[in-house]
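Hi everyone, thanks for coming. Please have a look at the model on the screen, and then I'll walk you through a few parts of it.

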Amino acid sequence: MFSQSSSEAYTNMGKTSDLTAVQKATIDTLHKEGKTQKVIAEEAGCSQSSVSKHINGEAKGRNNCGQKKSTSNRDHRALVRIVKKNPFKNVGEIHKEWTAAGVSASRSTTKRRLKDMGFNCRIPRVKPLLTKKQREKRLTWAKEKKSWTAAEWSKVMFSDESKFCISFGNRGPRVWRRTGEAQDPRCLKSSVKFPPSVMVWGAMSSAGVGPLCFLRSRVNAAVYQQVLEHFMLPAADLLYGDGDFKFQQDLAPAHSAKSTRAWFTDHGISVLNWPANSPDLSPIENLWGIVKRKMQNARPKNAEELKATIRATWALITPEQCQKLMDSMPRRINAVIEAKGAPTKY
């Protein structure tokens, strides 16, 4: 049992009002030196909760009163320069460089300051690497197409290949299991070292999608021309009838081969000029993303089931979805112009 005096001391432990002036000064000094709360508590002779409450209370009081934080505006500008110089550094590396410049701050303070200034640690988006010449060509292309109307874009048939795998990363359903059932076959998610995959060619316009082609071999010029003959032409008949259209494709070697260019000439098909490394300008890239998201909960067991799932999902794409993607073309073009040819968010 506690005595009355010791009980009162225990009850009051952690209340910042019970800290002496010496303890408060000690906490402030050690906190500025970047010491941990455990070390500060030992040095000040109080509990960690008292240290935490005092630090947080003092910080709140300073901020509410509009007083300067423990780091100055000059320190903050130095931190911004460090991050902008190399935004791929982790907090530890940033903290080390910041304190090496003479700033007195803990690692947690460094992290807080980064958040205060609007920096958040995120997974970077992946975009194609563009050379200066490629950026210039993208910008020129965008300026040329800036005045295109919705009617003009509706006459473009976009095409592309995409790879589909049975494994869609780490996404998927969770499993309900009891303790000790982690290795139960019923609760395991199967994986293979090299999951079966298929390569698919498809086309779309503002009127909808064309038939899919599952590619069985590496696509060279001869194979690609067979795809054009047996899948692109039927897609054109389906989407345009007797109307004129322009065909879009990227600059893959099979697409830009001399024999392929001759095939388009022989068939009287106009091909839209296209800048290299520009998937952000093609709405069919986003359409593939829609299809793959719709397939996230599907669990095909082999390549044939995967193909069937892709066909079924592709058949669910509506003309309205395609029209919505085509309507984004002016925004894509403006984004390229604003970025001066650099990659955009699309």
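What volume does the largest cavity have? The largest cavity comes to about 50 Å³. A quick word on where this comes from: the model is predicted, local features need pLDDT of at least 70, side-chain atom pairs count only at pLDDT 80 or more, and totals for chains, interfaces and linings use all residues. Residues are numbered from 1 along each chain as its sequence is written, and side-chain values use heavy atoms, with hydrogens and water left out.

Back to the cavity. By that word I mean a set of points, on a 1 Å grid over the protein atoms alone, where a 1.4 Å probe fits but cannot get out; lining residues have an atom within 4 Å of a point. Grid points are joined across faces, edges and corners, and the volume is the space filled by probe spheres set on the points. The structure holds 1 cavity of 30 Å³ or more. Its lining is formed by His31, Lys32, Ser70, Ser104, Ala105, Ser106 and Thr109.

Now the chain as a whole. The protein chain has 16 helices and 6 strands, taken as DSSP runs (H or I, at least four residues, for helices; E, at least two, for strands) and numbered from the N terminus. Of its 346 residues, 35% are buried, where buried means under 20% relative accessible area, exposed over 50%, and partly exposed in between, with a 1.4 Å probe and protein chains only.

Next, helix H16, residues 329–338. Met329, Arg332, Ile333, Ala335 and Val336 are buried there. They sit on the same side of H16, because they cover an arc of only 160° around the axis, the arc being that of the directions from the helix axis to the C-beta atoms. These buried residues pack against helices H8, H9, H13 and H15 and strand S1. After H16 comes Lys340, with a positive phi near 55°.

Finally, two single residues. Gln248 lies in strand S5, residues 246–248. Is Gln248 buried or exposed? Gln248 counts as buried, because its relative accessibility is 2%. Beyond neighbours within four places in sequence, its contacts (heavy atoms within 4.5 Å) include Phe158, Leu272 and Trp274. Lys24, found in helix H2, is partly exposed at 30% relative accessible area.

Terms used. 1 Å grid on protein atoms, 1.4 Å probe; cavity = no way out; pocket = protein on both sides within 12 Å on 5 of 7 lines; lining within 4 Å.
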